Amino acid sequence: MNGGAEKRSSPLGLHRVLAPAGVLPQAADRLDPDSPLHDDEVRIDVEYLNLDAASYRQLHEEHGGDGDAIRDAVCRIVRERGKMHNPVTGSGGMLIGTVAEAGPRTPLGLKPGDRVASLVSLTLTPLTLTDGLRDWDGLGERVPARGHAVLFGRSVAAALPADLPDELSLAVLDVCGAPALTARTVAEYATRSGAAPSVAVLGAAGKSGSLALAAARRAGAGRLVGIVPDRAEEAALTASGLAGTVLRADARDAVALSERLDGCGGPVDITVVCTDVPGCEHAAVLATRDGGTVVFFSMATSFPAAALGAEGLRADVTMLIGNGYQPGHADQALDLVRTEPGVRDLFARRLAPSHADTAVRPAATAVRRPAATAGKLGLDPHLVERARKLAVRAGRPVVDLARSHTTVAVERAALRLAGLSGADAEGIPWVNRLVDAVRDQVGLEHGVALPVWHALRDGPSRDLTELAARATARDVSFRLPEGAAAEHAVRDARRAMAKGLAVIDGRRRERERLIQEWGEPRGPLVYLIVATGDIHEDVRQAVAAARGGADVIAVIRSTGQSLLDYVPHGATREGYAGTYATQENFRLMRAALDEVSARLGRYVRLTNYASGLCMPEIAVLAGLERLDMMLNDSMYGILFRDINPLRTFVDQRFSRQLHARAGIVINTGEDNYLTTADAMRAAHTVTASQLLNEYFGKEAGLTDAQLGLGHAFEIDPDLPDSFRMELAHALLARELFPDAPLKWMPPTRHMTGDVFRGYLLNGFFNLAGALTRQNILLVGMMTEAVVTPFLSDRDLALQNVRYVLDAAGSLEEDFRPAPGGVIARRADTVLREAVDLLEGLCDRGLPAAIAEGTFGGMRRPADGGRGRDGLAERAPGYRNPAIELLEGSRDPEPEGEDRR
């Protein structure tokens, strides 16, 4: 492989240093990019370079914004130095390319054909350009390029994610060290002090700054201050919702910035410097209280100025150099841009306009993406934007609550991911037994992972089931390990839970393969309910419904299962007005629908309920058994099952993180509000709740294509113009959420028992769905409120759906309400009322609004409801490896891997 090269290969790249001798590649004046490849090296065919911000700014200023001169300067640097190493800033950037050749002894795990991004600086990466950068205009940090680069044995690279555009991936991976070190610094401070640290980020609207803010909040930071240089960035950062306080200030003016901070809480515990201009060192030091920490990520930083400035100011601060490498840093940064709408929006703002609306692609496993209706209502875009910003503001305290608490159901779900299943002789699940034993002895504040896996490591139990049995017999003494023992426990738990997530990942890939193999229907998904109480009878009815044209089978849960604080085990044959949700019932129904799907030549989806007191556990089981949709909305449990609001908000976030990982489409429950409240007077509460659910869902990692937001055809049909009002409400939802697979629910409140009238109402419901392009169309039954539907009732209902959809065809294309007409005015009124409601929620808080009966007319106080005793506030040092795996780990890499 090395073609007789004389120099012996070094994993540090020493063999490619041409001058001066004896230095590492980063410090070298010149590198050799062209000698034959060594056995432990990888050659990359370059597609793009991404110049770091400080380097590009310097080149832009030096050449007066002349793109041709900037391009020539970059070509000259690479030609003269054998790498992209700006001699003024000392920085470079990173690259994207395809593996052309991989040496047989490379430890990087790459193979020819892999598309990768380098995660080490271009300042130490041997590089040759062969195209003179002819496709680059010199006017941006992203550089289309042709050539090759060489990665050493100690280099770092990441496979490009399939769900993100290359440009976005490149921008994120270029700065992925910033959020990782920020999160670690915040977590270490919180553990050490027992308090949530305050954090300020200089350059907070930039790439590394926005990621650092999001990572700090996720790691447990308290007060968050974002510092930006101008009005445009101030507006963008404020809209993102990432910082509690946004200050517009010149970060080079240390005194002025310090005074601004004094006016909003004073110096902070941790300051993170992400600016791309020099001269911010003293401001960062003054912004940090004594005993605090400054993290310098800016390549424009002068470290002598920082050190000497701190000394001259008698500032007792720890100063960290931002190391671009942390274990797991790439995955963590990519996860933040996927799951934090504010981060995604700021990145989209920095990228080319063609990518601004497609920063994150919908999951391939979700319901197909609908075509947008292109502004038929003429909604005020500023009002729509304001509504979304208000939803973020109103929802953020609920997310903060979820991040700072755990529940018995969250901890049980983590154990289920780790493989604990089954029940004792009394039918009590082992996960309940084990979590209850841990809670009784050491509490839940630190999570169950630490005491459980410490007991497994130090005790006689061979596995979780045996440990649960011993704990039930009071034969285990749990304690909270510390130091190395705690890290061993967390690592063991992490490995076990990662296996469960790997199964879920495999089931998601299986769904993708089957959809590709069997196909799926065109047009809206026809959604039909079965609910006999007997899983075996449910299977027969579901198969018959699929053959009759149903695309989605929803198995209704037994009434009252929401209030059970455990998940029954095994197949069940009894249930009231529904069938128990159990893992075995999921498996039986999934197998039956797969069999009929293969015969029909279309993939039939399966739906159940991840709600109630066991919401996170059922989410795990759904992922393990490849369910496709789950009704998942804490508001339903709060309003209609009187479950404690605080507990269920915590449960909802974790369950949605699991659904995001599994590729499951959630269905929210706004339609239920209109069964207890008037559909005209309460329409705005549906819209407000949809906007909140959009924020909650995306924050947890769901894509637009996984947000089956609910609404319903529930206006009193005796009202004048009732059908026009239904169209206004349905079209408003479609235009507010153009990429979401909306769940359209049929009339129930005004079904009187007159089956002929009911059949006609359902026909109008189906027509409204066709005219407004609803994606998930629940089949309405004319016997609603009379009897549990017979198979013949379902057949007639399916005929109704098929007739209307076939007859309407593409009528939606021709349906355009008159500008300023009744439909458009009604939609505008509902949206404005929703904005007013969201403004009120920002003032008094969502829990208070729920307590006042704002949604569905049901009053549910925050300290009431079932399950309140299953909620616990997280203590410093809380560990749940399942959450860490879903959010981006702060744990070291597995043993045996390079931890440079």
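A charge sits over a ring if NZ of Lys or CZ of Arg is within 6 Å of the ring centre and within 35 degrees of the ring normal. Arg142 and Tyr48 meet this rule: the charged end of Arg142 lies over the Tyr48 ring, 4.0 Å from its centre. The model is predicted, so local features need pLDDT of at least 70 and side-chain atom pairs count only at pLDDT 80 or more, while totals for chains, interfaces and linings use all residues. Residues are numbered from 1 along each chain as its sequence is written, and side-chain values use heavy atoms, with hydrogens and water left out.

Next come the aromatic pairs. Rings of Phe, Tyr and Trp (its six-membered ring) pair if their centres lie within 6.5 Å; planes under 30 degrees apart count as stacked, over 60 as edge-to-face and the rest as tilted. The whole structure holds 9 aromatic pairs. Phe723 and Phe764 are edge-to-face, because their ring centres are 5.1 Å apart and their planes stand at 80°. This pair links distant parts of the chain. Phe723 is in helix H26 (residues 722-736) and Phe764 in helix H27 (residues 755-771), 41 residues apart. Helices (H or I, at least four residues) and strands (E, at least two) are DSSP runs, numbered from the N terminus.

Trp744 and Phe765 are stacked, at 5.3 Å centre to centre with 20° between the planes. Trp744 lies in strand E23 (residues 743-745) and Phe765 in helix H27, so this pair ties together parts that are 21 residues apart in sequence. Both Trp744 and Phe765 are buried. Phe764, in contrast, is partly exposed, at 37% relative accessible area. Buried means under 20% relative accessible area, exposed over 50%, partly exposed in between (1.4 Å probe, protein chains only). Ring pairs join Phe713, Phe723, Trp744, Phe764 and Phe765 into a cluster.

Now the charged contacts. A salt bridge is a side-chain nitrogen of Lys or Arg within 4 Å of a carboxyl oxygen of Asp or Glu. The whole structure has 63 salt bridges. One of them joins Asp174 and Lys207, at 3.4 Å from N to O. Asp174 is in helix H3 (residues 166-174) and Lys207 in helix H5 (residues 207-218), 33 residues apart. Lys207 is buried, at 9% relative accessibility.

Glu487 bridges to Arg879, with the closest N and O atoms 3.8 Å apart. Here 392 residues separate the partners: Glu487 is in helix H18 (residues 483-518), and Arg879 is in the loop between strand E25 (871-873) and helix H31 (881-887). Glu487 is partly exposed at 31% relative accessibility, whereas Arg879 is buried at 7%.

Arg540 and Glu537 form a salt bridge of 2.9 Å, N to O. They are 3 residues apart in helix H19 (residues 535-547), so about one helical turn separates them. Elsewhere, shared partners join Arg217, Arg218, Asp335, Glu340, Arg403, Arg653, Glu699 and Glu887 into one salt-bridge network.

What about the cysteines? A disulfide is a pair of cysteine sulfur atoms within 2.5 Å. The count by this rule is 0 disulfides. The sulfur of Cys274 is too far for a bond, because the closest cysteine sulfur, in Cys280, is 11 Å away. Cys274 is buried, at 11% relative accessible area. Cys280 is also buried, at 3%.
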